[in-house]
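Please work through the following exercises with the model displayed. Each task is followed by a solution in steps.

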Amino acid sequence: MPMRPLQRAASAALLALTTLYAPAAQAEEPAPVAVTVNARAALATVPETGIGTNHAIWDTNLGTDDTADRLKDAGVKLLRYPGGSYSDIYHWADHTAPGGYVAPNTDFDTFMRGVRRTGAQAMVTANYGTGTVEEAAGWVRQANATKGYGIKYWEIGNENYGNGHYGTAWEADNHPDKSPAEYARHVVAYSEAMKAVDPTIKIGAVLTTPANWPDAIVGEGDDGSWNKVVLSMAGSKIDFVILHWYPGAFDKAGQVPDMLYLARQQIAKYAGQGSERIGIAMTEFNTGSSSGGTTTQPGALAAADAYATLLANGVFTVDWWNVHNGIGNVTQVEGHTDYGDFGLLSSATCTSDGTVCEPALNTPFAPYYALQMMSRFARPGDQFVRAASDQSKVAAHAARRPNGDLAVMLINTSSDTSYPVAIDYAGYTPAAGAPAVLTHTNGATSITSATTGTATSQTLPPLSMTTLVLRPRSAPSAPAAPGQPAASNVTDTSATISWPASSSKVAKYEIHRQNGAVSEQLGETSGTSFTVRNLRPGTRYTLNVLARSGGGTPSWSSPPLTFTTGTPAGSSCSVRLTDQNDWGSGYVGAIDITNNGAPINGWTLTFDWPRAWQSLGSGWGAVWTQTGSEVKVVNEAANPSLGTGATATIGFVGNYSGPNVLPSVFTLNGTVCTTK
């Protein structure tokens, strides 16, 4: 029967009341994030100089006690002077920088007083652009012989590839010849003169950062890229190389391992015998993004993630740019004003129209707390170990301390989700009870401390950094760790691993491969060498060795060893890939395919891009397709034959937006070829 109007009105009113007083729908609780911490998978040891920043002579507050005390509280252990591109116009003896502004109270002695008050070491950049060898040697004499400052680290110039040689000029350079060869010749001369004054100092040379302009570009008349030329000519005279990195985005930490792998590959290839002594310093770094976030929490979270990743991969210092910088593009980011300032501390400056001013002088910006959290998470002498998360919004890092404690840093980059985490430990058993927990949240003006949750269960607030400090469950005394392993006789499927013995009496050694945050035991022995077999061709491996006592107690892991297997020494095919022309985001590649076996009528070449940020732009000489990461190249219908000893040459354009590790394994009709 049809509903009458009165009945319809009553029903509508009842429905409205029911809706008004119904319980609110509950947001679905996110599933726990699985975090794995593997104490057997050791990475680099935290260096004394790991956490650094830059001072600049145009900063009036460079030498104040308040600035030094702020930096000390952040855990800063290295201060770089005299400030970026000013290094190439600065003359230390008369404290002048023609063409630039020099603030009062920023001279060298004032800087060093601040360094000492901070409890840090100094790194000094000698003037290459407008200076001389004699001026640099005189600075070493003044600093270390006359003043007794004991400054260990000395750079030769700053971003000198930006002198116009590659078409863009921002770095002062009075040399008529602006090539990398000229820079390398001066690095040799500077090093010899400066070390004649103080043989204990360490000399650094400027390199381009892999996948950052002008890396891989070959200038007119040059015998290779900037890095190839500088390392080939000056490698024997330097002790470290200098990289700068401004990723301009907040999700680039995942590119760090390949960035450093390529840098070390170049050092090993071009710097000559003994190049393993050459360290890597990231003397300028900032997460600054054109979309904002330089002074707010996203920048802080990216900074903590990048610092931890860089240091875990063996960089000996990461130096924020810089202490004070000044207001920039003002935006609103995650509920807070972002001042577009690349400094750690407020300069108390205003926009040109005076409508927006920064907070009081030396007020810490969010990235300041990232450095402070890093200094509490990973202290000099700690050893980074592998940690991983199954949630892209949560980054995980871990470090084991000499006293047996373990620190775990968790970074939640989600703007609106509190993530519960379930933490699993391998090679470590935490003590029962709530751990010490350090937390910094969006907009917070300090790091808070609490004893809360458990070692295996925590909840991460949105946009937060959280560090757990765990005590170990009591265990028998562990043997000393083995020394640094080395690889020899590396083939496509095997490698011999050797290491210095533990100083303790041990029953055996175990060889573990790092597979993400999971360890895979590859073998064990009572000796100090082991041949690992059944490896995959063209694959990068990272291994650790640990010792076990007679009672089964494991040692700490050795330092990591990374090596890459080759391809078959003999195969029915061989492939040569050459990068013929690189412009920093893409390159022209040529592939020569040689048939070493019986004649072929119809061929297919396949290879995989090593990283997701690489792709095929176009190809010629064959039919090219890409599916996922796999590239398939099939002969043209009109030219299917490849006789014994014959070579087919094909080409392509490859695109990349991160470190460009080239493909190394090629198969021809299913057979793995020898890569030349």
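**Exercise 1.** Determine in which sense strands S30 and S33 pair, and over how many bridges.

*Solution.* Step 1: strand S30 (residues 604-608) and S33 pair in the antiparallel sense over five bridges; strands (E, at least two residues) are DSSP runs, numbered from the N terminus, and two strands pair if DSSP finds at least two bridges between them. Step 2: lysine 632 in S33 is the bridge partner of threonine 606.

The model is predicted: local features need pLDDT of at least 70, side-chain atom pairs count only at pLDDT 80 or more, and totals for chains, interfaces and linings use all residues. Residues are numbered from 1 along each chain as its sequence is written, and side-chain values use heavy atoms, with hydrogens and water left out.

**Exercise 2.** Describe how S33 is joined to strand S32.

*Solution.* Step 1: S32 (residues 623-627) runs antiparallel to S33, and five bridges join them. Step 2: tryptophan 624 has valine 633 in S33 as its bridge partner. Step 3: the two strands form a hairpin with two residues between them, and glycine 628 in the turn has a positive phi of about 65°.

Methods: Helices (H or I, at least four residues) and strands (E, at least two) are DSSP runs, numbered from the N terminus.
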